[in-house]
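This report is meant for a reader who is meeting the structure for the first time. Please keep the sequence and the model in view while reading.

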Amino acid sequence: MKEASGGNLLVRNVHLFDPSEGISKEGESLLVLEGRVASPGSSVPAGTPEIDGRGGLLCPGFVDLHAHFREPGFEYKETVASGSRAAAAGGFTSVCVMANTNPVNDNAAITRAILDRAREVGLVRVFPIGAVTRGLEGAELSEMGALSEAGCIAFSDDGRPVSTALMLRRALEYSRLFGKPVIDHCEDMPLSNRGVMNEGTVSAELGLAGIPNASEEVSIARDLAVLELAGGHLHVAHLSTAGGVRLVREARRRHLRVTTETCPHYFSLTDEAVRCHGTHAKMNPPLRREEDRLAVIAGIRDGTIDAIATDHAPHAPHEKEQEFDRAPFGIIGLETAFSLSLELVRDGHITLSELMTLLSARPAEIFGLPHGSLHPGGLADLVLLDLEGEWEAGRPGYRSKSRNSPFTGRTMKGRVAATIVGGRVVFEESRP
Amino acid sequence: MSLWESPRLLLDPPRIDRILRRMAHEILEKNQGPSGLYLVGILKGGEPLAGKLAQLIEEFEGTHPPVGALDVTLYRDDLSGREGLPLLRQSHLPLPIDGKKIVLVDDVLFTGRTVRAAMDFLVDFGRPSRIMLAVLVDRGHRELPIRADFVGKNLPTSHEEKVLVDLSEGAENVTVVRPLPGEDHA
Amino acid sequence: MPERSLPSSPPSIGPHLLSLSGMTKEKITSILDAAETFLDVGHQTVKKVPVLRGKTLVNLFYESSTRTRSSFEIAAKRLSADVINVTPSQSSVTKGESLSDTVRTIEALGADGIVIRHASSGAAAFVAERVNCHVVNGGDGCHEHPTQALLDLFTIRKKKGRIDGLSVAIVGDILHSRVARSNILALSAMGARIRLVAPPTLLPRGIEGWPVTIHHRLDRGIEGCDVVMALRLQLERASGGYIPSLSEYASLYGLSARVLERHAPEAVVLHPGPVNRGVEISGEEGFLNEVAILDQVEFGVSVRMAVLYLLMGGRPEEAALLSMPARGEGS
């Protein structure tokens, strides 16, 4: 995408809503000039495209800290193009993509290739995450300097944890050179053993091998102790357990530089979902118990959890249509994240302002990413929301190449009406 | 559900008693005595009948022939009609049937399909020297080339009628009911 | 026959037998009663009834199990069904023919029923969702093995005359046991009192709600029991770290004549087989004969005949209308 030559756009009849700038004004229009929000009173150049906001909420676009676009290597699951379309449809203007591609994004060439593809596609801003270790193998540090230079905004071996406490120490220490976070998929693999879902009443009944909560907690505890030793910035990916929330909360109290995200499925579902959704409810970390779901919501409320990320993990139908223990972990999430998160507001757990912060300002801030703002001069990465609009997830289809979601068919309230990146409309829902 | 006229009594207890006595005599006569006889009732209507015939044979000859019972469900050719799978009953043949003169006993002979099933069952169970058939009522409408050796009463019926046999002790009776006209009783 | 009052039907056990979850006492009893009838078929000169003539049963066994496969095969043949055994080699599985492709192919070949044995929990339900023919779970991973539990119940009823009110101890590797899961469901439906006897490493987490009491010591666990069911211990559990060694397991949880005499003298001993002699059950002379294993094998055939008859005895279009126990209700 060509950031230098942002578009002009006039969005009429909207409710401007940008809590980080303290803006909430109904019945307004917003003019974008060259990809930036124009100062009040600017004249509208001839030929400026317009959209009718129909009274919807115009907010800074969403920022996803955790997605898998699968390119290069697994283009049958997702590509930068299809992933970008899914992101745009979900209101995301920036997406951080994980390194577990094939080849792994552990060198600058891959990073540049991903960025080139994203530029050609020209929909949303794509920020590659580089591998912590070469080939994700956990043995040698990847060239973080070169990766950083090429455009990686963070480092992660996601899909698996950083192999050892020593490796994590080195990664945290070395990444300080670039001021970029190390994202860890916190899981004690030997403790998870061959687990395929949460360990508890449901796994006992279904006879499926369980992944205990302790598997996440042990790993977070290790990471926090190492963080204290090494310094740097640790970002805990996809927090799912009550114990994990407690550990992070306690570390924050001690002013450790740890940030964290959770995903909509961890506050929307429990392991009971495995019964009816089968492999579409299989992801890692797994859906947990109700106590954990509530603890995750509590973590969101009290700010322990900084961001809502999607962990968008597409898999082809033939991969998910397998025996439960053989199917890969992961579900798609870009297109359902906002509507599911809005349920937190509707249920009174958080305010709409807080939700916007969790989806946009805060994730951008912790990873140092550009993000939209309604303030004059602000980046025109915006999303137009219809809070009352109802839709059915996955009908008629997803923009993602894959459709592995337990939410397919769920009636959602609140939808993305349009997504604007740098003043250009990259998604607009078809309306009668 | 069809509606039925009230039942018409055809055979009362004394009549049935006389018929059974005659049948027992016929069986003995045809087989030159009770030796080698083996009565096998088809469950569930034929079982009490076989028991009564065996009692009468004992009364006449002093020996009680062995009595067995067959549940022919597994040999039926119409399994799972509209009413779903029938409940299985326990067949019991107290002695081997090889070389025996088997008298299959049933209450009503109609299409002949039950008897066909019973014969198939017997053949799987062993090799009797002979199989005969005794029925209390032959109501016609055969669908297979089967004929009874001993018939209590020939009773012409219409296909739609039902023949009900009750062999409870002392109150034995056979009645016929016919559907009320105008009802769909297919 | 129209002359007779309509025969009362046994309750439908579904188009499929995937799990014993939700199976009522009435349904289980009807299966056991039917099995009683089929026991006699084994004593006929011609050990066969024509009830499934013209139907084809496919034994799809991804795990080798001579015992269960032969039992289903004999059961189906005694019902006059045609039986095909399909045992995909591990190599063809890893080469990529998926389970769903395999079962769709089998169905297209004209199978009326599939018995599936598979290492993955949930595989039988997975198959049932993808085919229109009947599916019988012949053991799926650590989930369930319904026909094994039914034959255990049948054996118990034969030996003890009833199931209701009996105390049954299930001893061994509950964690990985599909036999235990199915037995717990079926025994509790029938009103038995169940004790699980195992070291904590071989008990699943999340069983607080199960209708069982937990014991870690064998002597207390089997004290006064009417039935002791020993589970087969997969020998690799020791290397997996669940137990320190087979000999320690044998000394703590192995059943012997002495232990039974002292703590459960009236107990019937069951084992799904094959027995690891000297591990679950002591190898002492004569003791193995007291274990009801061979009875279980014989009863297994008639129980499986009953199951196949009840599932497949009707016409296919009717069977499809029968309601199956809903999976969402807790299987």
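Axes are lines fitted to C-alpha atoms, for helices over the stretch in contact, and angles run from 0 to 180 degrees between N-to-C directions. The model described here is a predicted one.

## Two helices packed in chain C

With that definition in hand, helix 1 (residues 25-41) of chain C and helix 6 (residues 146-160) of chain C are found to pack at an angle of about 70 degrees, and their axes are 10 Å apart. Because angles of 65 to 115 degrees count as roughly perpendicular, helix 1 of chain C is described as roughly perpendicular to helix 6 of chain C.

On the side of helix 1 of chain C, the contact is made by C:I28, C:I31, C:L32 and C:A35, while helix 6 of chain C contributes C:L150, C:L153, C:F154 and C:R157. Sorted by class, the residues in this contact of helix 1 with helix 6 of chain C are 7 nonpolar and 1 charged, with no polar residues.

## Chain C and its domains

Chain C contains 13 helices and 9 strands, and buried residues account for 51% of its 331 residues. Among the contacts in chain C between residues at least 6 apart in sequence, 75% join residues that are at least 24 apart.

The domain assignment of chain C gives domain 1, which covers 25-145 + 297-322, and domain 2, which covers 147-292. Taken over C-alpha atoms, the centres of domain 1 and domain 2 of chain C are separated by 26 Å. Across the boundary, 20 residues of domain 1 of chain C are in contact with 21 residues of domain 2 of chain C. On the side of domain 1 of chain C that touches domain 2 of chain C, at least two residues each are supplied by helix 1, strand 4 (134-140) and helix 12 (293-312) of chain C. The residues on that side of domain 1 of chain C divide into 9 nonpolar, 6 polar and 5 charged.

## A sheet in chain B

In chain B, 3 strands form an open sheet in the order 1-8-7, with antiparallel pairing. Strand 1 (8-11) and strand 7 (162-166) of chain B are the edge strands, each pairing on one side only. Neighbouring strands of this sheet are turned against each other by 30 degrees on average, with direction ignored.

Strand 1 of chain B pairs with strand 8 (residues 173-177) of chain B in the antiparallel sense over 3 bridges. Within strand 8 of chain B, B:V176 is the bridge partner of B:R8.

Key. Residues are numbered from 1 along each chain as its sequence is written. Chains are lettered from A and ligands numbered from 1 in the order in which they are written. This is a predicted model: local features need pLDDT of at least 70, side-chain atom pairs count only at pLDDT 80 or more; totals for chains, interfaces and linings use all residues. Two strands pair if DSSP finds at least two bridges between them. Helices (H or I, at least four residues) and strands (E, at least two) are DSSP runs, numbered from the N terminus. Angles under 35 degrees count as roughly parallel, over 145 as roughly antiparallel, 65 to 115 as roughly perpendicular and the rest as oblique. Two residues are in contact if their C-beta atoms, placed from the backbone, lie within 7 Å. Ala, Val, Leu, Ile, Met, Phe, Trp, Tyr, Cys and Pro count as nonpolar, Asp, Glu, Lys and Arg as charged, and the others, Gly among them, as polar. Domain bounds come from an automatic or database domain assignment. A residue is buried if 20 or more other C-beta atoms lie within 10 Å of its own, exposed if 12 or fewer, and partly exposed in between; C-beta atoms are placed from the backbone.
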